[in-house]
Structures are given as C-alpha cells and as structure tokens.
Amino acid sequence: MEQPVRRLALIGAGVLLLAFLAVRYRSAPAALPDHAFPIPGEPRRLMVEVLNGSGRVGLARTATRVLRRGGLDVVFFGNAEGKPGKVTQLLVRRGDSTAARRAARLLGVGVTEWAPDSTRRVDVTVILGADYAPPADALGAELGGLLGR
C-alpha cells in the first residue's frame, strides 16, 4: 500500500516540476506579421503636447496629425488657457531643443523658448498661435474624418 502512494507522490512532484519549468522558461510569443506597427521616429521618443492657443476650433488636432506624421510622439492635445495668441510658441520642457526644432520645422512656424517644467512629462509644449496655417493635406484629412470618408 505504501509503494503506490509513494509512486503517485513522485509522479505528482515530477508533473509540478515540469509545469514550473515550462512557465518559468517559456519563450515570448512571436509577433504576428503585419500586426504591430512601430512608432515612427528616433530611438528616444520625443514627446510633445499640442495646445490650441489660436482660438480656431480643431487646430490642435490638425497640428497633432502633422507632428505625428513627422515622427513626433504627441501624447496630449487640447486648448490653451488665456487669450488667443498671435505667435506659435514651442516651450522646451526638458532635454535639449531637438524636439522643438523638429516641431517648428514640421509646423512651418514657431518661436522656441526655454520653460523647464518636469511635471508636464513632455519634451516640448506647442502652443499654436494665429500664425499657424495647417498644410492643405492635413485639412483634407480632417474634413474627410468629419465627413466620414
């Protein structure tokens, strides 16, 4: 009677050991082809927030699309507080001015200023002014989205 119980205990311990090893050393699942798309841009993500300070409706969303197409990671967009501004400002929050220069080049406008603020958790804050005119293809994409095309 003692022999079968001992044999079952050994078999159970072996099964538990194999299950533990299978879970512990399993390989990561392979990526599905054409499933995950990398975020465009540089190895170090340049994170940007876009605020509409122009008073024109929808401008932050349109500028966000322009910047994302250019490889910047826009993590937030919305409206700026205060009166509408005339000039687009690019506020460097952390790091160097690389992201601000790229954003200014993509937007076609902007004055870069140093305004460190580690609580924002972005490299650059873009405050769109009245001087920003989105490219025609960005407006077409925006209108197409509104019209359901």
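Predicted model: local features only at pLDDT ≥ 70, side-chain atom pairs only at ≥ 80, totals over all residues.
Figure 1. Residues are numbered from 1 along each chain as its sequence is written, and side-chain values use heavy atoms, with hydrogens and water left out. You'll find four helices and five strands here, running α-β-α-β-β-α-β-β-α from the N terminus on (helices, H or I with at least four residues, and strands, E with at least two, are DSSP runs numbered from the N terminus). Of the 149 residues in the chain, 32% are buried (under 20% relative accessible area, with exposed over 50% and partly exposed in between; 1.4 Å probe, protein chains only). Take the contacts with a separation of 6 or more: 77% of them join residues 24 or more positions apart (contact means heavy atoms within 4.5 Å).

**Figure 2. The largest nonpolar core.** This core has 23 residues, and Val48, Val50, Leu67, Leu107, Val126, Leu128 and Tyr132 are the ones touching the most other members (a nonpolar core is a set of buried Ala, Val, Leu, Ile, Met, Phe, Trp, Tyr and Cys residues joined through side-chain atoms within 4.5 Å). At least two core residues come from each of strand E1 (47–52), helix H2 (59–69), strand E3 (89–92), helix H3 (98–107) and strand E5 (124–128). As a general rule, nonpolar side chains tend to be buried together in soluble globular proteins.

**Figure 3. Around Leu59 and Leu128.** Leu59 sits in helix H2 and is buried, with a relative accessible area of 5%. Beyond its neighbours within four places in sequence, Leu59 is in contact with Asn52, Ser54, Leu128, Gly129, Tyr132 and Pro134. Gly129 is 70 residues away along the chain, yet its C-alpha atom is 9.6 Å from that of Leu59. Now look from Leu128: leaving aside neighbours within four places in sequence, its contacts include Val50, Leu51, Ala63, Thr88 and Leu107.

**Figure 4. Helix H3 and its end.** Which residues of H3 are buried? They are Ala99, Ala100, Arg102, Ala103, Ala104 and Leu107, and they pack against H2, E3, strand E4 (111–114) and E5. Leu107 counts as buried because its relative accessibility is 7%. Setting aside neighbours within four places in sequence, Leu107 is in contact with Ala63, Val66, Leu67, Val126, Leu128 and Tyr132.

Figure 5. Asp73 lies in strand E2 (residues 73–79). Buried or exposed, what is Asp73? Asp73 counts as buried, at 14% relative accessibility. Its side chain makes a polar contact with the side chain of Arg45 at 2.8 Å (a pair of N or O atoms within 3.5 Å; within protein, one must be able to donate a hydrogen and the other to accept it, and residues adjacent in sequence count only if both atoms are side-chain atoms). Apart from neighbours within four places in sequence, Asp73 is in contact with Arg45, Leu46, Met47 and Val48.
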